[in-house]
Amino acid sequence: MNSDIGRTTLPNGRSLSRMAYGVWRLSEAQDHSVSANLARIDACLAQGITTFDHADIYGDYRCEALFGEAIKARPSLKSQIEIVTKTDIMLLSSQWPSTRVKHYDTSAAHVTASVERSLSRIGVDVIDLLLIHRPDPLMDAQELGACLDGLMDSGKLRGVGVSNFMPWDVDLLQSCMKHKLQTNQLELSLLHTAPFINGQLAHAQQHRMPVMAWSPLGGGRLHSQASTPGTAATRLAPKLTSLASAAGTDTTAVAMAWLMHHPVGVLPVMGSNQLDRIACFGDAARVPMDRQTWYELYELANGHEVP
């Protein structure tokens, strides 16, 4: 039986599971019926994974509704899970025929309407955490901050965070809000280590903000490129395999344990439609990880010793 993955406490005192299930591939599943999606949710809950990561755009704006059908079939889930979703990216889509160019929209009107749509699609009364999906060059921080504060005060949101923001982007938005930002969701993996040294994780740790990690397996490249000469995945493969064998698990669990070892509190967002893979996510909780092992993997990832 897999270990319970544990919890992460946010600045507002609320908590998320130590790992999240990302729903972005839900619409791609061969079977995305209500029963199949309930089985995926149950496989997560069995390991203590109670946080589900959405965005309004996932699945060409369809994944929130697919997940919502499962909640409608089993309303008791509302008290067992945390819903994270995102807003501000506008895709070229038949769902939005007036959109002629992909862009970002952090206007109060769009964010407010997006929250209402997400609440309706997912079928909940409150969103646990709303993230601004991408930094918007046209963001009016005062307008957006007031909008997010208002949505918090109305009870439609329990928390607000950001995604893909640099420290100065976080500081700008936070300066225009009374409610504290709760997280920054970043691309972070053994194949994308820049946030460890570019200030993003340092800033998050300074402000006691756990970080959510998207694409924690490098979009699958950590495994798919493991036999390709000259790649970081190739350099990492022998050590990951050795550590996985010693822990009685797989290399995915080792890669997640590596991320979760950082003191900022990294919360990997894992996505799969396969029940057997979902059932193994919690194995990361039982992989030993110490400082020197962490650095061995870090150096293999980057192809050189630290200075």
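Me: Which residues line the second largest pocket?

Reply: A pocket is an open set of points on a 1 Å grid over the protein atoms alone, where a 1.4 Å probe fits, with protein on both sides within 12 Å along at least five of seven lines; lining residues have an atom within 4 Å of a point. Here the lining consists of Phe196, Ile197, His261, His262, Pro263, Arg291, Trp294, Tyr295 and Tyr298. The model is predicted: local features require pLDDT of at least 70 and side-chain atom pairs pLDDT 80 or more, while totals for chains, interfaces and linings use all residues. Residues are numbered from 1 along each chain as its sequence is written, and side-chain values use heavy atoms, without hydrogens and water.

Me: What are the volume of this pocket and the classes of its lining residues?

Reply: A volume is the space filled by probe spheres set on the points, which are joined across faces, edges and corners. For the second largest pocket it is about 230 Å³. Its lining divides into six nonpolar residues, two polar and one charged (Ala, Val, Leu, Ile, Met, Phe, Trp, Tyr, Cys and Pro are nonpolar; Asp, Glu, Lys and Arg charged; the others, Gly among them, polar).

Me: What volume does the largest pocket have?

Reply: The largest pocket has about 540 Å³. It is lined by 29 residues, of which Trp24, Arg25, Ser215, Gly219 and Gly271 are the closest to its centre. The lining of the largest pocket comprises 10 nonpolar, 12 polar and seven charged residues.

Me: How many salt bridges are there?

Reply: Side chains of opposite charge can pair when their charged atoms come close. The criterion is a side-chain nitrogen of Lys or Arg within 4 Å of a carboxyl oxygen of Asp or Glu, and the count is nine. One of them joins Glu82 to Arg7, with the closest N and O atoms 3.2 Å apart. This pair links distant parts of the chain, Glu82 in strand S5 (residues 82-87) and Arg7 in strand S1 (residues 7-9), 75 residues apart (strands are DSSP E runs of at least two residues, helices H or I runs of at least four, numbered from the N terminus).

Me: Are Lys86 and Asp53 buried or exposed?

Reply: Buried denotes under 20% relative accessible area, exposed over 50%, and partly exposed in between (1.4 Å probe, protein chains only). Both Lys86 and Asp53 are buried. Their side chains form a salt bridge at 2.7 Å, N to O, linking strand S5 to strand S4 across 33 residues.

Me: Where is Asp56 found?

Reply: Asp56 occupies the loop between strand S4 (51-53) and helix H2 (58-61). It is buried yet has no salt bridge, the nearest side chain of opposite charge being Arg117, 5.4 Å away.

How values were computed
Lys and Arg count as positive and Asp and Glu as negative; His and the chain ends are not counted.
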